[in-house]
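Let's take a walk through a protein model together, one piece at a time. Keep the picture in view and look for each residue as we reach it.

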Amino acid sequence: MSKVVSLYHIVFSTHERRATITHHNRERMYRYAKGIARKMRCKILEMNGMPDHVHILASLHSTVALATLVGRIKQRTSLYMHHNILFPHFHKWEKEYFATSLSPSALPNVRNYIKNQEQHHGIRNFEDEINWMVESIGMECFEDEELEDTDDEFVEDEE
């Protein structure tokens, strides 16, 4: 049996960052997302957000890739919200997302950060928040792009 700790802070936004997730309807969507993760043998440890975006603290199963979990949550919650009268203005999620891996020692701070989204957004908007998170951890971001086809051959790095 593999023993893996794979923790992530994930953030994604509504299409064009439209404020379509209200206080009245978000808990339903959060419960639905947690069920999706559970079926994938993953666990959402914390979830919160603002009307235009969502933060997730997740523990991934050893067989699940981050992109697969995020893609499935976005796809399935989008379908759920389209067919639920509680989300009349929701269109879709943006294609992009932010994610960073976490050390178990970071869990309390990240959990607290996610729980207190309203407080943070009194200081900075979504775009500033993402830029701040990227800069605060000295992270290099990779843009979504197609991978080069290498025919599964070893390719030496040019550095």
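Is His 53 buried or exposed? His 53 is buried, because its relative accessible area is 1%, and buried means under 20% relative accessible area, with exposed over 50% and partly exposed in between (1.4 Å probe, protein chains only). Before we go on, please note that this is a predicted model, in which local features need pLDDT of at least 70 and side-chain atom pairs count only at pLDDT 80 or more, while totals for chains, interfaces and linings use all residues. Residues are numbered from 1 along each chain as its sequence is written, and side-chain values use heavy atoms, leaving out hydrogens and water.

His 53 sits in strand β3 (residues 53-59). Strands (E, at least two residues) and helices (H or I, at least four) are DSSP runs, numbered from the N terminus. The His 53 side chain makes a polar contact of 2.8 Å with the side chain of Asp 52, and another of 3.4 Å with the side chain of Gln 117. A polar contact is a pair of N or O atoms within 3.5 Å; within protein, one must be able to donate a hydrogen and the other to accept it, and residues adjacent in sequence count only if both atoms are side-chain atoms.

Strands β1 and β3 pair in the antiparallel sense over seven bridges; two strands pair if DSSP finds at least two bridges between them. β1 also runs antiparallel to β4, joined by five bridges, and here Tyr 8 stands opposite Ser 101. How many of the seven residues of β1 are buried? Seven of the seven are. Leu 7, His 9, Val 11 and Ser 13 point one way from the strand, whereas Tyr 8, Ile 10 and Phe 12 point the other way.

Next come the aromatic rings. Rings of Phe, Tyr and Trp (its six-membered ring) pair if their centres lie within 6.5 Å; planes under 30 degrees apart count as stacked, over 60 as edge-to-face and the rest as tilted. By this rule there are four aromatic pairs. In one of them, Phe 12 and Trp 93 have ring centres 4.8 Å apart and planes at 85°, so the pair is edge-to-face. This pair links distant parts of the chain: Phe 12 is in β1 (residues 7-13) and Trp 93 in the loop between α2 (66-82) and β4 (98-102), 81 residues apart. Both are buried, and together with Phe 90 they form one aromatic cluster.

Now for charges. Side chains of opposite charge can pair when their charged atoms come close. A salt bridge is a side-chain nitrogen of Lys or Arg within 4 Å of a carboxyl oxygen of Asp or Glu, and the structure holds two. Arg 18 forms one with Glu 16, their closest N and O atoms being 2.5 Å apart. Arg 18 is partly exposed, because its relative accessible area is 36%, and Glu 16 is partly exposed too, at 48%. Glu 46 forms a salt bridge with Arg 111, with 3.3 Å between the closest N and O atoms. Glu 46 lies in strand β2 (residues 43-50) and Arg 111 in helix α3 (residues 107-115), so this pair ties together parts 65 residues apart in sequence. Glu 46 counts as buried at 14% relative accessibility, whereas Arg 111 is partly exposed at 28%.
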